[in-house]
Amino acid sequence: MGLLENKVAIVTGAGSGIGAASAQRFAVEGAAVVVVDIREAKAQETASAIVEAGGHAVAMVVDVADEGDMRRMVADTVTEFGGLDVLFSNAGTLRPGSVTELSVEDWDHVMAVNVRSVFLGGKFAVPAMMERGGGSIINTASISGLHGDGGAVVYAASKAAVINLTRAMATDHSADGIRVNAICPGTIETPPVQRMMQDPVALEVNLAAHSIGRLGRPEEIANAAVWLASDQSSFVTGEALVVDGGLRSRSPLGRLADPRPVHKR
Ligand SMILES: NC(=O)c1ccc[n+]([C@@H]2O[C@H](COP(=O)([O-])OP(=O)(O)OC[C@H]3O[C@@H](n4cnc5c(N)ncnc54)[C@H](O)[C@@H]3O)[C@@H](O)[C@H]2O)c1
């Protein structure tokens, strides 16, 4: 018997990286999974892999920053699978830069994809979960949301917002049987990070920062997400679970995005 047997789960950003690994793991644990991504081919790829492995999944194209898309995502999930138990709001984006370097468009885009998405996910998922008597919402934050990193300031601000939005949602909806938690990953080897790691300075900074001496794997975040999604974590809510390989310094993610020394930016 899997940890998520008979549960219906939405995973956003599931066409790649942490979301793809989590969607696959949720399905192995018995959930019917709605694989959400803005990139249709990538969503389809993950959903097909789940179905080929004997699991239940459908792909859905959604821009998580868009109100209409997010309303449709939850409504179509309920129509397709009869309800909603788990929402993993994981899709996110990073644009590097200090406040002087970032454009207003950069700021608005990152805040919309990383924070408005979590608000919209909660807004539409909570009523659907209440119909089932409860549920679990998991939001992907970052260690960048716990430290005042330079180099990617809107990303750091957005992930701090995700952490406190998570806590506030948990407070509001405990009485509805809905738990809300965040995960704060360290540096995880997903496609965008692998691209940044081609810079030897970025790689060195990141390997040195994680006590375990390597970067994390998407499956290691999926393991945390499964636990938070399942009844195994039934007394955990409003938490920001750090999964960072024993990070020793402040978050390297900003430096990863722009590893030049600060005075040379
Ligand atoms: N990889 C890391 O080191 C790391 C560390 C901390 C936090 N995170 C967070 O983990 C989450 C997943 O990141 P990842 O590293 O797996 O990246 P990824 O690029 O591999 O996956 C992100 C997916 O989100 C999708 N996406 C982007 N914008 C979207 C939108 N508006 N609507 C719907 N889908 C959208 C992309 O198409 C992509 O498939 C993000 O929230 C990221 O900020 C990653």
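A crossing of two helices counts as right-handed if the near helix is turned clockwise from the far one by less than a right angle, and as left-handed if anticlockwise. In this predicted model, the crossing of helix 1 and helix 8 is right-handed.

**Confidence**

The average pLDDT of the protein is 94, and 94% of the residues score at least 70. Residues 260-265 have a pLDDT below 50, and this stretch has four contacts in the model beyond near neighbours in sequence.

**Helix packing**

Two packed helices are described by the angle between their axes and the distance between the axes.

| Pair | Crossing angle | Axis distance |
|---|---|---|
| Helix 1 and helix 2 (residues 40-52) | roughly 25 degrees | within 10 Å |
| Helix 3 (residues 67-81) and helix 4 (residues 104-131) | roughly 25 degrees | within 9 Å |
| Helix 1 and helix 8 (residues 218-229) | about 50 degrees | 8 Å |

Angles under 35 degrees count as roughly parallel, so helix 1 and helix 2 are roughly parallel to each other. Helix 1 passes helix 2 in a right-handed crossing. On the helix 1 side, the contact is made by Ala20, Ala23, Gln24 and Ala27, which meet Thr46, Ala49 and Ile50 of helix 2. By class, this contact of helix 1 with helix 2 has five nonpolar and two polar residues, with no charged residues.

Helix 3 and helix 4 are likewise roughly parallel, because of their crossing angle. Their crossing is right-handed. From helix 3, the residues Glu67, Met70, Arg71, Val74 and Val78 meet Leu120, Gly121, Phe124, Ala125 and Ala128 in helix 4. The contact of helix 3 with helix 4 divides into seven nonpolar residues, one polar and two charged.

For helix 1 and helix 8, the axes are 8 Å apart at an angle of about 50 degrees, which makes helix 1 oblique to helix 8. Helix 1 contributes Gly17, Ile18, Ala20, Ala21, Ser22, Arg25 and Phe26 to this contact, and helix 8 contributes Pro218, Glu219, Ile221, Ala222, Ala225, Val226 and Ala229. By class, the contact of helix 1 with helix 8 has 10 nonpolar, two polar and two charged residues. Ala20 of helix 1 meets residues of helix 2 and is also listed in the contact with helix 8.

**Ligand surroundings**

The ligand is surrounded by 29 residues, of which the closest are Gly13, Ser16, Gly17, Gly92 and Thr190. Helix 1 (17-28) and helix 6 (191-196) are the elements that give two or more residues to this shell. By class, the shell around the ligand has 12 nonpolar, 13 polar and four charged residues. Gly17 is one of the closest residues to the ligand and also belongs to the helix 1 side of the contact with helix 8.

Conventions:
Residues numbered from 1 in each chain as written. Predicted model: local features only at pLDDT ≥ 70, side-chain atom pairs only at ≥ 80, totals over all residues. Near = placed C-beta within 6 Å. Helix = DSSP H or I, 4+ residues; strand = E, 2+ residues; numbered from the N terminus. Nonpolar A, V, L, I, M, F, W, Y, C, P; charged D, E, K, R; others polar. Axes fitted to C-alpha atoms, helices over the stretch in contact; angles between N-to-C directions. Parallel < 35°, antiparallel > 145°, perpendicular 65-115°, else oblique. Contact = placed C-beta atoms within 7 Å. pLDDT = per-residue confidence, 0-100.
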